[in-house]
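This report looks at how two chains meet and at selected features within one of them. The sequence and the structure are shown first.

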Amino acid sequence: MLVKGKKTLFQDFYFFETLTGMIITLKEFFFGTKVTISYPEERRQYSERLRGQHYIKATNGVENCTACMLCPTVCPSECIHIEAGERQDKEKYPKTFEIDILRCCFCGMCEEACPKDAIKLSTIMEMSTSYRPIYDRAFLSEQRGNK
Amino acid sequence: MPKCVIDGREVEFAPGENLVEVAKRAGVNIPVFCYHPGLSVVAQCRMCAVEIEKMPKLQTACSTAATEGMAVKTQSERAIKNQKSIMEFLLLNHPLDCPICDKSGECDLQDQSYDYGSPYSRMTEEKRTYIDLDMGPVIVKNMNRCIHCTRCIRYGEQIAGIHEMVAIRRGNDTEITTIDGKPLQTAYAGNYADICPTGSLTLKDFRFKKRVWLLKRTATVCEGCARGCAMEAHAENNIVYRCVARENLEVNQYWLCDEGRFNFHYLHETDRVVEPAISSASGLVITEWKAAVDAAKATLKGRKALALIGSDLTQEEAKDIQEFIGKSFPGAPLLHFGTPGIHSAREDADEDKILKRKSKTSNLHGFEKLGLKGFESVPSGTEAVIVFRGGRAMLPKLPTLPTVGVGVFKKQEADKFATVLPGAAFAEKSGTIVNFQGREQKLVRAILPPGKSKALSEILMIWSHA
């Protein structure tokens, strides 16, 4: 049960409470330490383990991926689409490798599941676009970072 | 019935039954590689060795017949140590190919390595490798993955009837190959891939197409011939990727012929008519359902019609058609067609000594039950033809009459038709078919009909109500 305390008319204005709050605000404004940065000019240092834009790691110019389909199997947002093919040297390779990046939730499970150390999440986190991007194989083959 | 005890569970068995089968019934899984219920027993892989009371050594369960009062321990310390050692031995030279191997996900070696093996390898030497040999159009061999279970050799000898696989050299260098390196001859080569417990023999047709755990499995029946072998259709996203044999001891045991196995390809062929079409000066033109049905009605109106029905349709569809013809075209003869030269169930016989039958359609015997007659020649006075067909039946040679086709047709076949109403093929519908033994079996739908095709009952509904 809610008990209403009795208040006088003066107390109803909350004069002192407002004043106390204002003093705190002004103290922080003039003498406090800043927690925000002016973003595009200033950048923050992020952890090396940040899960950002994907890429497929290559060794000696050949992508590590063998189209084993473990990443589309494990992906919770079902954003990876792979079609396997046979290369000239009879090896299995991904004919198409697409990531519907707007569906991706950057959980990093694809990276964890990959037995060939192929799919990687780089530390690049600025990837906004004005259209709906689908990362194709050529785009993913660009080497970003050293994970 | 005599009884024995397996892992403390009492089980009844038929005399002569081996321990693997008896244990399976008791709910105890004994791991096997070389044992296959459809083949002879060689006890070669030693994986199934179990401890039996009053016997000094471990015994292979596949080659030991159960006897009255036998007490078997499959999980004793010695048996488990043996399983672990055998797994390590078999994996010594096995490459870590699972990411690219087509067998991965349904591989006996993979599954049992998880269940009985060790996650670590002590092997530091280089693994033995082979140069691979082309094995013809059906099978791809990868000898590096082989564990020498010899199932393929025994299958060729005992089931396919051709002794074409052999093991050459001995010991570590054993290689499974064909005699003189010739391509495989048998028309039942797809089974090599089914029975191989590793990925050494895989289908060329299915190579790198899909990982097996992504496929949806539907238990259905093959429509390749009058035998009606039990089959599983594996599909994903409305595409059938492969068909594999399913066990049915009364009909096909564990096997399937290549003709039936690869028959599903016509479902996804690009020249299949999947939209209602009417003929024009420049061949078939795609239209709407309403317009196509109206055109079909106009084609047959006032003409003396002949109705042909492919014996690859189901019993339900045949019954629907009988009623439809009786109502819409009273007096029109309804005849079935399917295989050239086979007009009735009496002419159907075994084509070889394994599975194949002469009638290349699945439901010839069911149609005889419904009282349908075979098509031999066009009755005199016929002015128009309506053909119902499921996709497998061979179209007979027809004189140039106005023709309406209902069902699955290729573009070249339907080129001369006045109208085509696209229907569903065997994996796209459910129904009953009757095989040559009189056994009623169920077709089960695995995928949806492509494009604007509809099930036959739906087409007949549009026809009667439009």
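In this predicted model, chain B and chain A bury about 920 Å² between them, and carbon and sulfur atoms give 65% of that area. Of the area that chain B buries against chain A, 54% is supplied by P99(B), I100(B) and F208(B), more than by any other three residues. Contact across this boundary involves seven residues of chain B and 13 residues of chain A.

The charged and polar pairing between the two chains can be described in the same terms. The count of salt bridges between chain B and chain A is one, and E86(A) forms a salt bridge with R207(B), with the closest N and O atoms 3.4 Å apart. Three residue pairs are found in polar contact across the interface of chain B and chain A, both residues of each pair being at pLDDT 80 or more.

Over all chains, a search of the whole structure finds 41 salt bridges. Among them is the pair of R78(B) and E51(B), whose closest N and O atoms are 3.6 Å apart. Because R78(B) lies in helix α2 (residues 77–91) of chain B and E51(B) in strand β3 (residues 49–52) of chain B, this pair ties together parts that are 27 residues apart in sequence. The two named salt bridges are set out below.

| Salt bridge | Closest N and O atoms |
|---|---|
| E86(A) with R207(B) | 3.4 Å |
| R78(B) with E51(B) | 3.6 Å |

Turning to the overall division of chain B, the assignment gives domain 1 (3–91), domain 2 (97–110 + 126–212) and domain 3 (277–465). The C-alpha centres of domain 1 of chain B and domain 3 of chain B lie 52 Å apart.

Chain B also holds an open sheet of three strands, in the order β10-β11-β12, whose pairing is antiparallel. Which strands stand at its edges? They are β10 (216–221) and β12 (239–245) of chain B, and since each has a single partner strand, one side of each is left without a neighbour in the sheet. On average, neighbouring strands of this sheet are turned by 30° against each other, with direction ignored. Strand β11 (residues 230–236) of chain B is joined to the antiparallel β12(B) by six bridges, and E232(B) stands opposite V244(B) in β12(B).

Conventions
Residues are numbered from 1 along each chain as its sequence is written. Chains are lettered from A and ligands numbered from 1 in the order in which they are written. This is a predicted model: local features need pLDDT of at least 70, side-chain atom pairs count only at pLDDT 80 or more; totals for chains, interfaces and linings use all residues. Side-chain values use heavy atoms; hydrogens and water are left out. Domain bounds come from an automatic or database domain assignment. Two strands pair if DSSP finds at least two bridges between them. Helices (H or I, at least four residues) and strands (E, at least two) are DSSP runs, numbered from the N terminus. Axes are lines fitted to C-alpha atoms, for helices over the stretch in contact, and angles run from 0 to 180 degrees between N-to-C directions. Contact means heavy atoms within 4.5 Å. Buried area is the accessible area (1.4 Å probe) that two parts lose on being put together, summed over both. A salt bridge is a side-chain nitrogen of Lys or Arg within 4 Å of a carboxyl oxygen of Asp or Glu. A polar contact is a pair of N or O atoms within 3.5 Å; within protein, one must be able to donate a hydrogen and the other to accept it, and residues adjacent in sequence count only if both atoms are side-chain atoms.
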